[in-house]
Amino acid sequence: MPLPPFPIPLPLVRAGLGLRRRVLDVADLVLPAEGALWDLVAGMQRTMLAGVLVTSGLADALGERARDPGVLASELELETGVTIRVLRAAAASRLVRFDGEGRVRLSRIGAPLRTDHPRSIASWAAYVAAPANFRGYAELEAQLREGAEPSGHRRAFGNSTWEYFGEHPEEGARFGRAMRELTAIDVAALARRYPWPHRGVICDVAGGIGTLLAAIMKRRPSARGILVDSPDVLAEAESFLRSQGLAERVERRPGDLFGELDVRADVYVMKWILHDWSDAACRDILARVRATMPAGARVLTIDQHQAPDWPSPVTSMVDLHMLIDCDGGRERSPGEVHELMRDAGLHPGRVRHAGLHMLVEGVAS
C-alpha cells in the first residue's frame, strides 16, 4: 500500500484498513450474498480494464480532461464501438466517469493510471494485467493440491519469473518501471523511518536505479552510497543519479544476489528482496551479505509485515502473488526474518514499521 511522505504507525494503518473493510461489509448488506460475490468475482475483469486503459494509451489521452469517446478512439486508432464498451465497463468499475454530455474522464481512483500522475501506478497495473500473470494464477489449484513449489509461473512457463523477463525484455522493463513507481511512492516515508548514518557508507543491494538510495542520500548529505545491481540496470541508474545530483556520491557496482559481494559499508539495505525467495535462498543471500560486512555493520531488510493473526487486505494479497510468481517467495513476520538472520550469522536488531512495511535489522558482530 502506498505510503504518505511520513511514517504511519502500523496500528493506525490496520485501523484504517479495518474501517474500510467494515464500510464495504455494510455496503454489501444491500445485496444478496450471491450478488456481492458476483461483484467480487468480476475482479479479473477490472484488472484487465485497468491494464488496457494504460497499454492502449486511453488513460494518458484522457489526462485531466473530459473527452469524447469517439474522438479518443480516432486519435488512438482504436475501434470506436469497442472503445465505448470498454469505457462503459471502466465507469461501472469506478475507473472513469461519464458526464451529462457523454464525455468521459478519469475518476479519482483511475487517475493514477496516467503515466504522468505524481503517484502513478500505471506500469504496475499493466504488469498485473499481463497475460503471463494470468497463466501463472491458473496454476493455483495445482499448488493447493501439490504444494507451493514449483511456483505457478514455473508450472506455466517452465522457468523462473526472472528467466522469463530475460527472454521477454519488454515485460521485464515494464516490471522494472512498476517497481520504481511503487518505490517512488513509498520512498519518503522509508527514508525517514530509519536512523541512517550521517557520515557512513550505505549500500543498497539489488537497489534498481537507486530510487530509495537517492532519497536516503538527500537526507544524509555527508554520507556516501554504493548501489549494487546488474550492469544493464546500473546503466539506467547513471542518468537517474545524475538527475538527482548524486552521481559523484553514489558508486555503482555490478553484482548478483547469489554471487560474490565485496562491499564494505555501515548499512546494507535490501528492499523487496527476501520476499521473492524461499527460506533457503534467503539464508544464502543474507550469508553472502554477512560475509562482506565489517563488525558492527547492519543489514536492513524491507518487506511487508505478514502477521499470522491478521489477514491483511494488502499484505495477504501480495503474499499470494509471491506464491504464484516466485519459487518459495512469501511475506514474513519480523520473527521469521530474524530467524533467517540468525541462521546467516547475524544478531537480530530492532524492528521498525512504516505503514505495512517492516524494517528488520540484523547486526554483524
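The model is a predicted one.

The first topic is the packing of two helices. Two packed helices are described by the angle between their axes and by the distance between those axes. Helix H3, which spans residues 43-55, and helix H6, which spans residues 80-92, have axes that come within 10 Å and cross at roughly 125°. With that angle, H3 is oblique to H6. The crossing of the two helices is left-handed. On the side of H3, the contact is made by Leu49, Val52 and Leu53, and on the side of H6 by Val86, Leu87, Ala89 and Ala90. Sorted by class, the contact of H3 with H6 comprises 7 nonpolar residues, with no polar and no charged ones.

The second topic is the nonpolar interior. In soluble globular proteins, nonpolar side chains tend to be buried together. The largest nonpolar core of this model has 30 residues, of which Cys203, Tyr268, Met270, Met293 and Val299 touch the most other members. At least two residues of this core are supplied by each of strand S3 (201-205), strand S4 (224-229), strand S6 (267-271), helix H15 (279-292), helix H17 (334-343) and strand S9 (357-363). The largest share, 5 residues, comes from H15. Not counting residues up to four places away in sequence, Tyr268 touches Cys203, Val205, Val263, Val289, Thr292, Met293, Pro294, Ala297, Arg298, Val299 and Leu300.

Ala132 has a relative accessible area of 11%; because residues under 20% count as buried, Ala132 is buried. Leaving aside neighbours within four places in sequence, Ala132 is in contact with Phe157, Tyr164 and Glu171. Ala132 and Phe98, by comparison, are 34 residues apart in sequence and lie 32 Å apart in space, C-alpha to C-alpha.

Definitions and conventions
Residues numbered from 1 in each chain as written. Predicted model: local features only at pLDDT ≥ 70, side-chain atom pairs only at ≥ 80, totals over all residues. Heavy atoms only, no water. Axes fitted to C-alpha atoms, helices over the stretch in contact; angles between N-to-C directions. Helix = DSSP H or I, 4+ residues; strand = E, 2+ residues; numbered from the N terminus. Parallel < 35°, antiparallel > 145°, perpendicular 65-115°, else oblique. Left-handed = near helix turned anticlockwise from the far one by under 90°. Contact = heavy atoms within 4.5 Å. Nonpolar A, V, L, I, M, F, W, Y, C, P; charged D, E, K, R; others polar. Core = buried A, V, L, I, M, F, W, Y, C linked by side-chain atoms within 4.5 Å. Buried < 20%, exposed > 50% of the residue type's maximum accessible area, 1.4 Å probe, protein only.
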